[in-house]
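Colleague: I am new to reading models. Could you take one part of this one and walk me through it closely? I would like to hear about the salt bridges.

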Amino acid sequence: MNLKPLGDRVVVAREEAKATTAGGIVLPDTAKDKPQKGKVLAVGDGRITKDGKRRELQVKVGDSVLFTSYAGDEFKLEGDKKVLLMREDDILAVID
């Protein structure tokens, strides 16, 4: 399945949660914090401004980004692969 987001929406693959703590304790799935980092997989065409022009998004495919903890909606793709579909406004920063 190939997702093509509309407007100012972005598809992001969330990083995997760490399986162990710094001290070496193995964490069960229920105790893992969901990372707020991910990689942009697809971007929409951009937001339409009040004057009717389309403004391109500030992020592009391949960017590593930080986002808010409640950003977007999670969707399952083929197999167990999960992605987030969020608005550009939910992205806080691009990581170099």
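Modeller: A salt bridge is a side-chain nitrogen of Lys or Arg within 4 Å of a carboxyl oxygen of Asp or Glu. Side chains of opposite charge can pair when their charged atoms come close. Two notes before we start. This is a predicted model, where local features need pLDDT of at least 70, side-chain atom pairs count only at pLDDT 80 or more, and totals for chains, interfaces and linings use all residues. Residues are numbered from 1 along each chain as its sequence is written, and side-chain values use heavy atoms, with hydrogens and water left out.

By this rule the count comes to 6 salt bridges. One of them joins the side chains of D63 and K60, at 3.3 Å from N to O. D63 sits in the loop between β4 (54-55) and β5 (64-67). Strands are DSSP runs (E, at least two residues), numbered from the N terminus. D63 is buried, with a relative accessible area of 10%. K60 is exposed, at 54% relative accessibility. Here buried means under 20% relative accessible area, exposed over 50%, and partly exposed in between (1.4 Å probe, protein chains only).

The backbone of K60 takes part too: its nitrogen lies 3.0 Å from a polar atom of the D63 side chain. Leaving aside neighbours within four places in sequence, D63 is in contact with G38, K39, V40 and V94. Contact means heavy atoms within 4.5 Å.

Now turn to D8. Where is D8 placed? D8 lies in the segment before β1 (9-14). Is D8 buried or exposed? D8 counts as buried, at 6% relative accessibility.

The side chains of D8 and R47 form a salt bridge of 2.6 Å, N to O. This pair links distant parts of the chain: D8 is in the segment before β1, R47 is in strand β3 (residues 47-48), and they are 39 residues apart. R47 is partly exposed, with a relative accessible area of 31%.

D8 also meets R87 in a salt bridge, at 2.7 Å from N to O. Again the pair links distant parts of the chain: R87 is in strand β7 (residues 82-87), 79 residues apart from D8. R87 is partly exposed, at 37% relative accessibility.

Not counting residues up to four places away in sequence, D8 touches G46, R47, L57, M86, R87 and E88.

Notes
Helix = DSSP H or I, 4+ residues; strand = E, 2+ residues; numbered from the N terminus. Polar contact = N/O pair within 3.5 Å; in protein donor to acceptor, adjacent residues only side chain to side chain.
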